[in-house]
Amino acid sequence: VQLVESGGGLVRPGGSLRLSCAASGLTFDTFGMRWYRQAPGKERELVATITGGELIKPYSADAVKGRFVISRDNAKNTVYLQMNSLKPEDTAVYYCNAWGTQFWGQGTQVTVSS
């Protein structure tokens with residue numbers, strides 16, 4: 001199983017980024033997928049979840065609700081995180097995870113700074 005994140009970078013406060021996580025080696029459409037983040041000196045925290053299977057539903061943590069949107073394209077085996085109205089406190093390494101597994105990507109750095 002391989003999860004590869006991309007799309008991170010440096011952005012100014014109020015800006016937007018879209019992260020992607022390309023999955024291989026698993027039956028992607030059956031797995032829920034999650035985005036986590038870890039800021040320096042802090043524990044890894046759950047940012048957003050999207051279920052798999054027939055009923056696909058997105059969920060977002062309170063800290064990002066209304067600003068971040070998780071989505072998936074099963075035809076491309078990819079999960080996305082659209083991040084809008086970014087704040088300096090969103091600065092972290094962002095990881096994707098196949099829900100309920102120990103499969104993680106390598107992470108992508110997001111830095112929000114003026």
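Start by selecting Thr51: it is buried, with a relative accessible area of 15%. Buried means under 20% relative accessible area, exposed means over 50%, and partly exposed lies in between (1.4 Å probe, protein chains only).

Before moving on, note the ground rules. This is a predicted model, in which local features need pLDDT of at least 70, side-chain atom pairs count only at pLDDT 80 or more, and totals for chains, interfaces and linings use all residues. Residues are numbered from 1 along each chain as its sequence is written, and side-chain values use heavy atoms, with hydrogens and water left out.

**Stop 1: the loop at Thr51**

Stay on Thr51. It lies in the loop between strand 5 and strand 6 (58-60). Strands here are DSSP runs (E, at least two residues), numbered from the N terminus. Show polar contacts next: pairs of N or O atoms within 3.5 Å, where within protein one atom must be able to donate a hydrogen and the other to accept it, and residues adjacent in sequence count only if both atoms are side-chain atoms. The side chain of Thr51 reaches the backbone oxygen of Leu55 at 2.8 Å. It also reaches the backbone nitrogen of Lys57 at 2.7 Å.

Now show the residues in contact, meaning heavy atoms within 4.5 Å. Leaving aside neighbours within four places in sequence, Thr51 touches Gly32, Ile56, Lys57, Tyr59, Arg72 and Trp99.

**Stop 2**

The charged end of Arg72 sits over the ring of Phe28, 4.5 Å from its centre. For this, NZ of Lys or CZ of Arg must be within 6 Å of the ring centre and within 35 degrees of the ring normal.

Which residue in strand 8 is the bridge partner of Arg72? Select Val79. Strand 7 and strand 8 (residues 78-83) pair in the antiparallel sense over 6 bridges. Two strands count as paired if DSSP finds at least two bridges between them.

Now step across the sheet. Val79 in strand 8 stands opposite Cys21. Strand 3 and strand 8 run antiparallel and are joined by 6 bridges. From Cys21 in strand 3, go on to its bridge partner Glu5. Here 5 bridges join strand 1 to strand 3 (residues 17-24), again antiparallel.

**Stop 2: the aromatic cluster**

Select Tyr36, Tyr95 and Trp104. Ring pairs link these residues into a cluster. Rings of Phe, Tyr and Trp (its six-membered ring) pair if their centres lie within 6.5 Å; planes under 30 degrees apart count as stacked, over 60 as edge-to-face and the rest as tilted.

How many aromatic pairs does a search of the whole structure find? There are 2. Tyr36 and Trp104 form a tilted pair, 4.9 Å centre to centre with 55° between the planes. This pair links distant parts of the chain: Tyr36 is in strand 4 (residues 33-38), Trp104 is in the loop between strand 9 and strand 10 (108-112), and they are 68 residues apart. Tyr95 and Trp104 form an edge-to-face pair, 6.5 Å centre to centre with 85° between the planes.

Colour by accessibility. Tyr36 counts as buried at 15%, and so does Tyr95 at 14%. Trp104 is partly exposed at 29%.

**Stop 3: Leu46**

From Tyr36, move to Leu46. Leu46 touches Arg34, Trp35, Tyr36 and Ala61, not counting residues up to four places away in sequence. It lies in strand 5 (residues 45-50). Buried or partly exposed? Leu46 is partly exposed, because its relative accessible area is 31%.

**Stop 4: Thr91**

Finish at Thr91, in the loop between strand 8 and strand 9 (92-98). Its side chain reaches the backbone oxygen of Pro88 at 2.9 Å. A polar atom of that side chain also lies 2.9 Å from the backbone nitrogen of Val112.

Terms used
Helices (H or I, at least four residues) and strands (E, at least two) are DSSP runs, numbered from the N terminus.
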